[in-house]
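Here is a friendly briefing to read alongside the structure.

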Amino acid sequence: MAEQILANGLITGSIYVLVTIGFSLTYSVGRFFDMSFGAHVLLGAYTSFVVFHEFNVHPVFAIIFASFMAGLLGLTIEKTIFKTLKKRKAPPLVFFVATLGILIIAQALAVIFFGSDSKVFHSGPYPSFSFFNFRLTSIQIVICLISPLFLIAFSLIFYKTDLGRRMRAISDDRELSNIMGINVERTMQYIFFSGAFLAGLAGVIIGFESTVDPGLGLKAVLWAVVASIIGGIGSLPGAILGAYTLGFLESLSTAVFPGEWKPVIVFLILIAFLLFRAHGILGVKIEKYE
Amino acid sequence: MIAYLLHVSVIVAIYIIAASGLGLMVGFTGLVSIMQGAFLGIGAYVYALTALKMGMPLVFCLLTALMVTGLSGWLLGTISIRLKGDYFALVTFALAVILYNMFNNLISITGGPMGISGVPGFFNSQSGFFLMTWGVTVLLLLILKWFVTSPHGRLLKAVREDEILAAAMGKNVKKIKSMAFILAALYACVAGVLYASFISYVDPSGFTPGESIFILAIILIGGAESIQGAIWGSIVLVAIPEILRFFGLPGEIAAGLRQLILGVFIVTIMVFRTRGVAGAYRLY
């Protein structure tokens, strides 16, 4: 029983982490909550649905194509809306509400083009396998392999390459990075693209693992919000820690409380953290008090 | 046709009440809250339950609803107030989600997704409701107008413009913010009670987090720090979906289109004109 809870937590966390990384990274460079990550998840999910179902392409191609599209969306939003708002020195609150608007647009488009019912990628159950004390389906095993793979790849880039060093510099001190000759604009584009790419990937994975409906976008970005706050917003290790912690907490709460209370529990945890430790487990102190 | 127009105008009036209360918080005090819909729900459910299950005279039901909502406003406000800007908005949104789930899950109290039906109204005729709702709306708007032009209103604006300075001048910033929060909740309560008695059916779908976003959008689009803003915003945002109805689009596409327009409005206002159409306060 306990092993199943852990296993479920691992799977959930692996999905959450893909959305949380980009979200947390965006906060670290832009200092705002980017709700449009929900739009990236939706784009990834529905694009892969169309490509996989209508055109019957190989799943791997669908995954890469859909995630790439999501990445492009992230890039576009940055070049148009974020750049404009930044130029006019808009406060983080305005970014928050604007990205909420973007998410609403994405959700509305999903409803218009695909309807509000749930879409299934794969009819019928997946083969499942028994391990010591828990069961995993084939797709869940794939998730537990793919997600950490992308995590490791991203971490390697973030910590071991020049591009990663530039990303870290910008998130530390944007002005100084600019003065030191780092092309802030270009690096930001890499950040927004890769964050959105991972979120789109999460959308595809969710599509294969369960169902997709327009409400998925908002749900997904809220996972990212809670996971980031718990783990420490603005930091990569924080995002990973927060996402997996949230996954385990959710898995645990479903085992103890009736399923329909899960959102309440998750958000109570969020509020608790916001009030008592807004910088999360690993984060640095941020000014969130007036 | 007349009945339809009367119905729509009552809905508009209810939104004006809810939005103007929120406008006090957002426009005058600078606190962007995304949970007004939840307070509407609290007011509606308390009214419905006291009227139906306890058979109290309707005026007492209203008063009970006001008390409960006011208390929740005080409680939830006190914990949220200490966070700034986008963190504050995030907390209120989290609270909206929590409250919506409570409406949905506490089936023994709220009837869950099935809701509560047969809620008694103050009148039996549509025109009666029309007159009463608009009468209440005008009254509440006048009270609001008096409030914002009074020294209280100046206190709110002082807190909005420069909290630290206001505190340095000896003003109790926490109390001022709390007062705005509770007032907004009370206005939402009245709107919720009117809604419950008009539709005579209360269910969670009217108080979703999306509803809270909608009411915030009314203020942002119509204009913050302006009472006309709440009026114009409500009229426009309620009229558009109703007009869409006449185009004969299939239900879901119409709903999606409505959301699309809302989203586009929100983004446009945030990028180009945060004071909205008729407002005076700019977010940046």
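Helix α3 of chain A, residues 59–87, is 29 residues long and spans 41 Å from its first C-alpha to its last, close to the 42 Å expected at 1.5 Å a residue. Please keep in mind that this is a predicted model. In it, 41 residues of chain B are in contact with 48 residues of chain A.

**Helix α3 of chain A**

- Although its span is close to the expected value, α3(A) has a kink of about 40 degrees, centred on Glu78(A).
- After α3(A) comes Lys89(A), which has a positive phi, near 60 degrees.

**The interface of chain B and chain A: area**

- About 4,100 Å² is buried between the two chains, and carbon and sulfur atoms give 79% of that area.
- On the chain B side, the residues that lose the most area to chain A are Tyr87(B), Leu90(B) and Tyr284(B), which together account for 17% of what that side buries.

**The interface of chain B and chain A: polar links**

- How many salt bridges cross between chain B and chain A? The rule finds zero.
- Polar contacts do occur, with four residue pairs counted between chain B and chain A, both residues at pLDDT 80 or more.

**What chain B brings to the interface**

- Three elements of chain B give two or more residues to the side that touches chain A: α4 (85–105), α10 (209–222) and α12 (251–272).
- Of these, α4(B) supplies the largest share, with 14 residues.
- Sorted by class, this side of chain B has 28 nonpolar, seven polar and six charged residues.

How values were computed: Residues numbered from 1 in each chain as written. Chains lettered and ligands numbered in written order. Predicted model: local features only at pLDDT ≥ 70, side-chain atom pairs only at ≥ 80, totals over all residues. Heavy atoms only, no water. Contact = heavy atoms within 4.5 Å. Buried area = accessible area lost by both parts, 1.4 Å probe. Salt bridge = Lys/Arg side-chain N within 4 Å of Asp/Glu carboxyl O. Polar contact = N/O pair within 3.5 Å; in protein donor to acceptor, adjacent residues only side chain to side chain. Helix = DSSP H or I, 4+ residues; strand = E, 2+ residues; numbered from the N terminus. Nonpolar A, V, L, I, M, F, W, Y, C, P; charged D, E, K, R; others polar. Expected span 1.5 Å × (residues − 1). Bend = angle between axes of the 7 residues up to and from the residue.
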